[in-house]
Amino acid sequence: MPATASAPAQSPAALSCRRRRGLGTFFILAAMAAAFLPVPFVCNMHDPRRVAGKPDDILYLPRGETLKYMTVGYNGVAADITWIRGVLYVGRKLSHRDTNYEWLEKLYQVTTDLDPHWTRPYHTGAILLSALPQDDQRALSLLSKGLRNNGWSYEIPYAAAQLHLSRGRNREALKYLRLVRATMEGYPVVVGNIIAQLEKEGQDYERATRTAAGELQRKDDRVVRAILTSTYRETIARLLEVELTAANRHYARFRGRPAGSVHDLLSLPARGKSRAVRDGLIQNFTWALNGDRQLASEVIARLPGDPFGMEFYVRPDGTVHSRGIERVELFRILKTVNHFMKQFRKARGRPARNQQELEEFVRVLTRAGKLREGARKFWGPEVRLPPHPCGPKGWSLMRVGRDGLFAMPPGPDMEKIFRSSYPVPPGPRERKRRARALSRDK
Amino acid sequence: MIGRVWAVALNTFREAVRDRILYLLLVVGIGAVAFSKFLGEISVGDHLHVIVNTGLTAVSLLGVMISVFVGTGLIYKEIDKRTVYTILSKPVRRGEFIFGKYLGLLLTIAVCTGLLSIGFLVYYRAVAGVADDRATGLLYWMHGGRITVPLLAALVFIFVEICVVTAVAVMFSSASTPILSAVLTSIIFTAGRMSTWIPEYIRELARRGESGEVKSFFLQILYYITPNLSIMDLRDEAVNIGALPGDLAWRLLYAVSYSVVVLLVATLVFRRRRF
């Protein structure tokens, strides 16, 4: 009994023995750890793959389908880890200035196999694939896979559109942006505006007007409406140019010569089966403005006034043009041209004397590879000034000011042009307000 | 009867919370949730996705591990220490004992996973995001992710999944040793998590022309025997989709029915057992 009772209370000798034993174990473990420390260095010394500075060669990654089984349903975390591995892979490559991204696509494929509904690896992965190894085909195939798995996510087709836009493939970009606008929710507010701009650039003015008007009918935000209104003005001006030119051809068939002014053109009455020009225009614009006949009538009633507070006019060849849009276009062209005029002056110490001298200067820059992609597109393959918006003789009539830059011809400034009043489709809030006012009046 | 079951359950709970492995697992779970912040930081852009994934996985693994490590030794320990005699000599039926043990363990798991879930949700709501310098007061501390209904449902269904796994663990515990029970429960858990792939595998075999009738038959039996745990995994809905499936009630009913059947089997086995 005494022996059992004294068992828990150990003697100092027993304690020191335990302590010694504990210390011994600790030292053995420490020695083992120290022995293993140089292992990675030794491995690096003898493994040619590791010392060659090619970590790709030792990166082993099973197939996504295989990993899915191995993770026992916890594939979300596995996808996160693979994604982080991809982030680290890109970081390492960038820091080593290594341009061989052999494993990047594989990492994204595995991540998306493991978590097919996680959208970021698709869109961010595609952007990285198109930017770093510049592998558009693989980037687009990753996005297609994403679109198949996540038909509800706007981010994937939006990334595809961005990719196509960055490569100048506007038609393909437009296809994806239309898909976003038609079938998805929560997409950025600029999508509608980009679609309208692309349709305008593709000279599909009717659809561009319809898109811009549709977006204006949906949006209340002041800033968004301001951006959309500027696109809407341009598209509607272009559409009116096309419609009025067509109407002038119709006028020439009846009168034997084209109309001398828009006023004359609009005065053409109905004859036989054809409507009066004004009525025909209202009908066409009602469609382009998504069925808003009142708005269409207001737009036509403004003629010959254009959406920029200026006027439409008829050129001798019978085509109708908007002075407002010519001014806007000229302003945009001069911005780029004057940038090169400044460069010319800096390089030669004097302003360019004429158009030919400036073009020759830009050709030299092009040959030296000093032009960016946007500027190359502006000057075209033959490096010539773009056609003047006011006609073939436009450039010869332009004057260079004392500062050595092309000056805008006299007329209203751009601020005024874009702030001039014009009938614009009302937003949801404004429509509600009008409906309330109407019901009150009744 | 309820009183007797409850008495066994309460005692099981008291006994289980004394188990040190429980605290070790809880610390590991909390560590995993805290570590998710670091993972989120290096994920570039989708840190909330990483944090939710890691958090849900930590809660699920914690529950499963408790049910495997604690649940499998539950009844064996009573037999081994012979404390089962003192219980069964009282007016307690063997079925009541099994159900009591099961409920006691579930209570333990509910407390542990509940604590970890609350910790995870608070962490997710408060710390997971990037603080907005302009925000003041409470808003400064609430810059994390939004707690959505799918996220809460995912946590609830993790517990439902654990209920099924615990029932399996108790069944094995009533018939064999803890180590064997742990191995078998782990196998059933893995098979249950992968059971939705069995039909895919059968289709794949048929496509390759390798599927014999016997093989398909056994695979189908395996599919129906193993618990379909993947239907209780709502991680994808909580993290990516943001909406719940319409058949949640059926899934819940399936889990309850499966657990009851497994516990009845456990009772049958335990009734035939001689100590």
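Here is what to select, in order.

Before you click, note that this is a predicted model, where local features need pLDDT of at least 70, side-chain atom pairs count only at pLDDT 80 or more, and totals for chains, interfaces and linings use all residues. Residues are numbered from 1 along each chain as its sequence is written, while chains are lettered from A and ligands numbered from 1 in the order in which they are written.

Start with chain A: it has 23 helices and two strands (DSSP runs, H or I of at least four residues for helices and E of at least two for strands, numbered from the N terminus). Its radius of gyration (over C-alpha atoms) is 35 Å, well over the 22 Å from the globule rule for 442 residues, so chain A is more spread out than a compact globule. That rule is 2.2 Å times the number of residues to the power 0.38. Along the principal axes, the C-alpha atoms of chain A fill a box of roughly 130 × 70 × 40 Å.

Next, colour chain A by domain: 55-188 is domain 1, 231-321 is domain 2 and 324-419 is domain 3, with bounds from an automatic or database domain assignment. The C-alpha centres of domains 1 and 3 of chain A lie 41 Å apart.

Last stop: select residues 197-208 of chain B, which is helix 9, with twelve residues. The number of buried residues there is zero (buried takes 20 or more other C-beta atoms within 10 Å of the residue's own, with C-beta atoms placed from the backbone). Just after helix 9 of chain B, look at Gly209(B), with its positive phi of about 75°.

Conventions:
The expected span of a helix is 1.5 Å times one less than its number of residues. A residue is buried if 20 or more other C-beta atoms lie within 10 Å of its own, exposed if 12 or fewer, and partly exposed in between; C-beta atoms are placed from the backbone.
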